[in-house]
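Please look over the sequence and the structure shown here.

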Amino acid sequence: MSPREFAPPPLTAGGHRQTLLGFWRRRHLRWDLHADDLVVEAGEDVAILARLTWHGDGERRARPLLVVVHGLGGCDAAGYAVSTARLAFDRGWHVARMNMRGAGEAEALCARLYNAGLDGDLLAVLGVLAPQVSSVAVAGFSLGANLALLALARGGERLPANVAAVAAVSPPLDLAACARALERPANRLYQRYFMRSLLAAYRSRQARRPDLYQPGLERGLRTIRDYDEAITARYGGFASADEYYARSSAGPLLHDLTRPALILAAEDDPMVPAESVARWPLPASGLVLREMTRTGGHVGFVAPTCAAGSFWAAERVMAYAEERAAATSRPSGPGPARPTPKPPSSAVLPPSDGSRPPG
């Protein structure tokens with residue numbers, strides 16, 4: 001599968017247009033295939049929910065798997081996640097739409113708060129799923145893209161040997177720069193959208209687990225930085241928002257990546273400044289590709305494509321994933337095999353009907 005050139009209609013060009021149009025075009029997408037709910041225990045009082053759709057041909061181990069990770073305020077039902085996963089499935093891949101801890105319907109299983117640095121949650125999911133398939137690729141979007149790159153960089157022996165690649169779309173590689181960008185007057189709409197979601201999520205968790213969360217911490221918070229200072233840092237084990245941003249940004253780790261990765265971003269992304277993506281040195285090995293389109297907005301990439309919701313990035317992600325999976329499956333000569341880490345505990349729940357609203 002070769003991706004077509006990103007060629008949005010002229011009237012749709014521009015960071016805000018692409019961002020908002022992408023949301024609008026994908027807001028009604030729903031997962032209409034069978035899905036099994038997999039719950040992975042990723043630590044004390046931490047359960048991760050992933051929704052799996054397998055090809056039912058009895059050849060599970062012969063097929064690759066795409067793991068999709070959503071962004072801030074999203075969940076497995078987000079339009080971009082559904083579009084990408086459906087394209088992957090139609091191309092013959094198994095798909096897993098992972099919820100970060102407590103996101104979407106996962107809150108009923110785990111009331112813990114997610115953040116950009118919890119790469120161990122993704123590693124736990126990969127540890128369960130990777131032994132069941134031929135190879136694995138991860139597609140992360142926005143906050144989930146940063147998380148996926150962190151898992152690739154910091155996974156060590158926990159990263160299964162058959163993880164072929166990570167594709168990171170609109171990744172906030174410098175979290176502090178992105179928090180500042182959201183405070184620009186032109187980005188008030190996005191800031192309000194995210195804050196409504198974050199504050200509602202905190203109130204819901206506080207009501208569910210008053211033993212964990214202090215009431216009233218969300219009052220008076222107006223910006224993402226305010227929220228990260230008062231809540232994310234407090235419950236994520238960081239001294240401050242600045243420490244959280246410094247320790248959880250994937251940008252400084254790109255140079256040390258030893259597995260293939262695609263970084264796909266737009267120069268006019270209103271939330272992720274282009275300079276915050278472009279400035280990080282990449283490995284001399286050439287294993288990491290950085291592609292920046294002139295327009296595309298934030299997880300917008302609206303253009304003619306075979307993916308639902310006019311999501312051209314899904315087509316580019318799958319072309320890259322297929323290329324890397326094929327390269328991984330080719331014999332590489334004699335040598336010791338890398339051990340596959342022992343998977344964490346997991347459980348499969350009854351199938352989901354795919355009727356959740358998009359996040």
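Ser-310 counts as buried because its relative accessibility is 14%; buried means under 20% relative accessible area, exposed over 50%, and partly exposed in between, with a 1.4 Å probe and protein chains only. This is a predicted model in which local features need pLDDT of at least 70 and side-chain atom pairs count only at pLDDT 80 or more, while totals for chains, interfaces and linings use all residues. Residues are numbered from 1 along each chain as its sequence is written, and side-chain values use heavy atoms, with hydrogens and water left out.

Ser-310 sits in the loop between strand 8 (288–293) and helix 10 (312–329). Helices (H or I, at least four residues) and strands (E, at least two) are DSSP runs, numbered from the N terminus. The side chain of Ser-310 makes a polar contact of 2.8 Å with the side chain of Arg-25. A polar contact is a pair of N or O atoms within 3.5 Å; within protein, one must be able to donate a hydrogen and the other to accept it, and residues adjacent in sequence count only if both atoms are side-chain atoms. Leaving aside residues up to four places away in sequence, Ser-310 touches Arg-25, Arg-26, Phe-301, Val-302, Ala-303 and Thr-305, where contact means heavy atoms within 4.5 Å.

Asp-121 belongs to helix 3 (residues 119–129). With a relative accessibility of 4%, Asp-121 is buried. Its side chain is joined to that of Arg-101 by a polar contact of 2.7 Å. Arg-101 is also among the residues that Asp-121 touches, together with Ala-42, Val-46, Ile-48 and Met-98, not counting residues up to four places away in sequence.

Helix 5 (residues 175–182) is mostly covered, with seven of its eight residues buried. These are Leu-175, Ala-176, Ala-177, Cys-178, Ala-179, Ala-181 and Leu-182. The buried residues of helix 5 pack against helix 4 (143–154), helix 6 (188–208), helix 7 (224–236), helix 8 (241–248) and helix 9 (274–278). At the start of helix 5, a side-chain oxygen of Asp-174 comes to within 3.2 Å of the backbone nitrogen of Ala-176.

Asp-174 is also one of the residues touched by Trp-280; the others are Leu-173, Gly-251, Pro-252, Leu-254 and Arg-290, not counting residues up to four places away in sequence. Trp-280 lies in the loop between helix 9 and strand 8, and at 14% relative accessibility it is buried. Although Trp-280 and His-255 are 25 residues apart along the chain, their C-alpha atoms are separated by 7.5 Å.

Asp-242 is a residue of helix 8. Its relative accessibility is 46%, so Asp-242 counts as partly exposed. Asp-242 and Asp-228 are 14 residues apart in sequence, and the distance between them is 8.8 Å, C-alpha to C-alpha.

Turning to the whole chain, the secondary structure of the protein comes to ten helices and nine strands. The radius of gyration is 19 Å, close to the 21 Å that the globule rule gives for 359 residues, so the protein is as compact as a globular protein of that length. The radius is taken over C-alpha atoms, and the globule rule is 2.2 Å times the number of residues to the power 0.38. Along the principal axes, the C-alpha atoms fill a box of roughly 60 × 50 × 40 Å.

Of the 359 residues in the protein, 57% are buried. Among contacts with a separation of 6 or more, 79% are between residues 24 or more positions apart. The protein exposes about 15,000 Å², and carbon and sulfur atoms supply 53% of that area; accessible areas come from the Shrake-Rupley method with a 1.4 Å probe, and for residues only the protein chains shown count as cover.

The protein carries 41 positive and 35 negative side chains, and the centres of the two sets lie 3 Å apart. Lys and Arg count as positive and Asp and Glu as negative, while His and the chain ends are not counted. Each charge is placed at NZ of Lys, CZ of Arg, CG of Asp or CD of Glu.
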